[in-house]
Amino acid sequence: MIEKGFWGGWAAVGFAVLFNVPARALISVYLLGFLGVFTKFLLLGFEINVVLPSFIGASLIGILSIRAAHAKHAPPLIFAIPAVIPLVPGIFAYKTMLGIIALTGKVTENFNQTLAETVNNGAKASFIIMSLAVGVGIPNLITRKNSAKDMVIHPPKMIFKLKRRKTKRKNRREARVRLRRIRKI
Amino acid sequence: MKILDVTLWRFSNQTLFMVKSSPTQEEISELGSVLLEIGSLLMSSGATTSRIRLTIDRIAASFGLSADMLVTHRALTLSLSDSHHNQLYNNLKRTSPHGVNFKLVSGISRMSWRIAENKWSIEDIKTDLSRLKGLPHYPRWIVLTFVSLAGASFCRLAGGDYIEMAVAFMATFIGLFTRQEALKKGFNPYLAVFFGAANASLISGFFTLFDFGINTEHAFATSVLFLIPGIPLINTFSDLFDGNILNGILRWIHGLIIAFMIALGLLVAIYLYQIN
């Protein structure tokens, strides 16, 4: 699985270069691609239908891309789009197409079998693509915010409790100052 | 005491600031044309509709104006108005030819934040925009190598072995090269995709003609994956979910035509080599 993840990362970086993603973002793209593929194959090991692992992998990429966007000061989409491309169901789409070509031939005794397989592959391919698109958009959908700058992804609370309390205090202080300034005007 | 014309809230970091005097008509039309150019650049380099709206709104707001726009695939309409709802600027601009460029998207996004924070003048925006437009792409050989590596990785992910990966690498390299050359010669972009797909699959399928004792099915299936319309298809859903349904459908059909062209290219190889 780690080996699959390794190649998944390279696939992501290849597409990032094709899309002209800035060089400072390439490492993040590699890590996201690695994680997406790793998660997908990890969950596939539990005999789950292929759609759900793709969706979970894509949502993971979507959520972590916000983090990457904060760190590198770039829109999250430029991390997320190259990173989900290794999850695209190329083989299913290919098999669907082969099946459709076979369906244009003569009706023989295993026509029903071909039909069933083609519909199965086609449904899988289209549902995976849909789940990838929704998975990438998940941070926007659940936080109901348009700009990634306003989104906060909380680190585990136990470790960062102190730091967060300090920032809270600082925020309160800033709010007071702001209020005073408004009253003056 | 000087009378302040426009005061407005800036919500991004909740501080109050004032625009000293409202911009003159000349400045406004200059700003309008700059905003239209930014919008068209974003549209052609693969940004979603909501991102275009947000960026334009953000920049216009930092000049004390509100922007209303109609965003489509091929043209943008912008009208700027001030806080008294006076129409100040109205224009239409065609988008530049489409070519994905995330460096530009990221650069413009950073610029829009800097404009709001540092109160840039229109001249500053213009110079930064021309700098962003001049930023180089990756060198061609790097693009070719990395995308071919991605093709080989796809082959590995689909379950191919190392020989198949080498075949996929070669096929992707030549396919992408063909597509770039076709675009350079000024062919229709969809046709360029077809040429790329046909060439890549002809090369990866070549080994099925002779019995080398290797099975290159995985390489054949994955050698065309470098052409997949990932950006149109993912942007489709973000546009649809934002309610920009017309743009979403438009992008979807654009992606569908590309996918169809890939299938057509594969079909050529399948019929020539009689793969089933």
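The legends below describe close-up views of a predicted model.

**View 1. Crossing of helices H5 and H6 in chain A.**
Helix H5 of chain A (residues 90-103) and helix H6 of chain A (residues 111-143) have axes that come within 8 Å and cross at roughly 145°. The crossing of H5(A) and H6(A) is left-handed. On the H5(A) side, the contact is made by A:Phe92, A:Ala93, A:Lys95, A:Thr96, A:Gly99, A:Ile100, A:Ala102 and A:Leu103. H6(A) contributes A:Thr114, A:Leu115, A:Glu117, A:Thr118, A:Asn121, A:Gly122, A:Lys124 and A:Ala125. Sorted by class, the residues of this contact are 7 nonpolar, 6 polar and 3 charged.

**View 2. The side of chain A that touches chain B.**
Contacts between the two chains involve 42 residues of chain A and 44 residues of chain B. The elements of chain A that each give two or more residues to this side are helix H1 (2-18), helix H4 (77-84), H5, H6 and helix H7 (157-184). H1(A) supplies the largest share, 10 residues. By class, the chain A side has 31 nonpolar, 8 polar and 3 charged residues.

**View 3. The two assigned domains of chain B.**
The domain assignment divides chain B into domain 1 (6-134) and domain 2 (140-273). Their C-alpha centres lie 36 Å apart. The contact between them takes 8 residues from domain 1 of chain B and 8 residues from domain 2 of chain B. On the domain 1 side, the contact has 2 nonpolar and 6 polar residues, with no charged residues.

**View 4. Helix H9 of chain B and its surroundings.**
Helix H9 of chain B (residues 230-242) has 13 residues, which at 1.5 Å a residue should span 18 Å; the end C-alpha atoms are 19 Å apart, in agreement with that value. Because 10 of its 13 residues are buried, H9(B) is largely enclosed by the rest of the structure. The buried residues are B:Gly230, B:Ile231, B:Pro232, B:Leu233, B:Ile234, B:Asn235, B:Thr236, B:Phe237, B:Ser238 and B:Asp239.

B:Gly243 comes after H9(B). The phi of B:Gly243 is positive, near 95°.

Conventions:
Residues are numbered from 1 along each chain as its sequence is written. Chains are lettered from A and ligands numbered from 1 in the order in which they are written. This is a predicted model: local features need pLDDT of at least 70, side-chain atom pairs count only at pLDDT 80 or more; totals for chains, interfaces and linings use all residues. Axes are lines fitted to C-alpha atoms, for helices over the stretch in contact, and angles run from 0 to 180 degrees between N-to-C directions. Helices (H or I, at least four residues) and strands (E, at least two) are DSSP runs, numbered from the N terminus. A crossing is left-handed if the near helix is turned anticlockwise from the far one by less than a right angle, and right-handed if clockwise. Two residues are in contact if their C-beta atoms, placed from the backbone, lie within 7 Å. Ala, Val, Leu, Ile, Met, Phe, Trp, Tyr, Cys and Pro count as nonpolar, Asp, Glu, Lys and Arg as charged, and the others, Gly among them, as polar. Domain bounds come from an automatic or database domain assignment. The expected span of a helix is 1.5 Å times one less than its number of residues. A residue is buried if 20 or more other C-beta atoms lie within 10 Å of its own, exposed if 12 or fewer, and partly exposed in between; C-beta atoms are placed from the backbone.
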